[in-house]
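Dear colleague,

I am handing over a structure for you to look at, and I would be glad if you kept it open while reading. My notes on what was found in it follow directly below.

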Amino acid sequence: MKKKKQNKKIALITGVTGQDGSLLADFLLKKNYKVIGLKRRSSTFNTQRIDHLYTDIQKPNNFKPYYGDLTDSSNLIRVIQSTKPDEIYNLGAQSHVHTSFETPEYTANADALGTLRILEAIRILNLQKKTKFYQASTSEIFGNSKPPQNENTSFRPESPYGTAKLYAYWIVKNYRKAYDIFACNGILFNHEGPKRGETFVTRKITRAVAEIYLNKRRTVFLGNLNAKRDWGYAKDYIRSMWMMLQQKKPDDYVIATGKSCTVRNFVEKTFKVVGINIAWKGKGLNEVGYNSKNNQVLVKIDKNYFRPNEVYHLRGDYKKAKKILKWRPKISLDEMIKEMVLNDIKILKKS
Ligand code: NAP
Ligand code: GDD
């Protein structure tokens, strides 16, 4: 008997040019999905992370970029109407916490209302039965609630970003209940890797250490060294997004490693990769990190990197994801830092 040809599943990813969006596109293409990627128009190139997916525009493949913006309902409706995705991953966002204090209204528009716009599009187009929805929620919604944080921890966001993401979290739950949409919140803790944006603290540090190692710079300026984060590996976290949408029932899950460390520890670990031992002296804004072998000052504090409000300690409890999704992190923090530093050295040597 002839085997019936199965149609490819279609996934729409908002934020496909970002760290997670580009990794998820790779992941889903490997799983034989057809991937629609929403990208913003920009006056300079913003597609470096996905250029490898469509180098030859004449040769159609399973990846198709569309122009779009989360602040534009008609555009979202049109793209969803013409592509009718089986799964939508809403990863697009103004995702920088510090920047959200400078652009609170835009952050709310893109991160909170952007999520509502997609849910409304699913409803208006009557796709409730067909389209599953993943929302990129975040540990920032817990703010300064005591660690370890899990699905039952109370929400105390400390920034316009965290507050916008909390709206998105709740509207996903509202629409799931009211309209029976298969919609999940992935409450992901910080996750990093070589594709991380250069203004987030991990990549800022790995890049600076690579430059210092290659004698291309002398010091790195940082803000609060005492903040603690639960840093995981982005590729591990991408897997969990897809897993959530393959369950029988939609639900919300914390994704984390269960371990945290300070920005200060992260700096020490990163310098160690290039054989430099960092020691500290001084206090507050005058604290410095120096090479213990030759006393050269390599880390300084700049008050401009402190935020109006700080989230002091995020550490996730991912028991639910472990039990139900059978998800667990695979790559350790030390392995990840090494990969990031070596990658930055490689990039700098080429430039
Ligand atoms: P990212 O690297 O900053 O990427 C954000 C993406 O959103 C980029 O593609 C960006 O486009 C796009 N975008 C921004 N504003 C948009 C708008 N108005 N309309 C359409 N697209 C827009 O972020 P990420 O680290 O990949 O994170 C992915 C998602 O997970 C975000 O929603 C973030 O808030 C959330 N999250 C991230 C983490 C983490 O640790 N990485 C943890 C928890 C939750 P451009 O390239 O044009 O700027
Ligand atoms: N960015 C940055 N730059 N952060 C610094 C610096 C610096 O020079 N110095 C110290 N930090 C501290 C920040 O104050 C914060 O406590 C911590 O480093 C981490 O900052 P970011 O790397 O900017 O990440 P974030 O935790 O604020 O937000 C990231 O993780 C969230 C999940 O918890 C982003 O990816 C968010 O989009 C995500 O939701």
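Which N or O atom of a side chain is 2.5 Å from an oxygen atom of ligand 2? It belongs to Arg 307, in this predicted model.

Before the rest, a word on conventions. This is a predicted model, in which local features need pLDDT of at least 70 and side-chain atom pairs count only at pLDDT 80 or more, while totals for chains, interfaces and linings use all residues. Residues are numbered from 1 along each chain as its sequence is written, chains are lettered from A and ligands numbered from 1 in the order in which they are written, and side-chain values use heavy atoms, with hydrogens and water left out.

The ligands

Ligand 2 is surrounded by 23 residues, the closest being Thr 138, Ser 139, Tyr 161, Arg 307 and Glu 310, where a residue is near a molecule or strand if one of its heavy atoms lies within 4 Å of it.

A nitrogen atom of ligand 1 is 2.9 Å from an N or O atom in the side chain of Asp 69, a polar side-chain atom of Tyr 106 lies 2.7 Å from a nitrogen atom of ligand 1, and an oxygen atom of ligand 1 is 3.0 Å from a polar backbone atom of Leu 91.

The two domains

The domain assignment, which is automatic or comes from a database, gives domain 1 (10-194 + 231-259 + 312-331) and domain 2 (201-225 + 263-309 + 346-350), and their centres, taken over C-alpha atoms, are separated by 31 Å. Nine residues of domain 1 are in contact with eleven residues of domain 2, contact meaning heavy atoms within 4.5 Å. The area buried between the domains is about 830 Å², with 61% given by carbon and sulfur atoms; buried area is the accessible area (1.4 Å probe) that two parts lose on being put together, summed over both. On the side of domain 1, His 98, Phe 101 and Trp 231 lose the most area to domain 2, together 58% of what that side buries.

Salt bridges

How many salt bridges does the count come to? The total is 19, a salt bridge being a side-chain nitrogen of Lys or Arg within 4 Å of a carboxyl oxygen of Asp or Glu, whereas between domain 1 and domain 2 the count is zero. Side chains of opposite charge can pair when their charged atoms come close. One salt bridge joins Lys 195 to Asp 26, with the closest N and O atoms 3.9 Å apart. This pair links distant parts of the chain, 169 residues apart, with Lys 195 in the loop between β7 (191-192) and α6 (201-213) and Asp 26 in helix α1 (residues 19-30); helices (H or I, at least four residues) and strands (E, at least two) are DSSP runs, numbered from the N terminus.

Backbone details

The peptide bond from Pro 147 to Pro 148 is cis, with omega near -5 degrees. Asn 295, although not a glycine, has a positive phi of about 65 degrees.

With best wishes

Note on methods: Polar contact = N/O pair within 3.5 Å; in protein donor to acceptor, adjacent residues only side chain to side chain.
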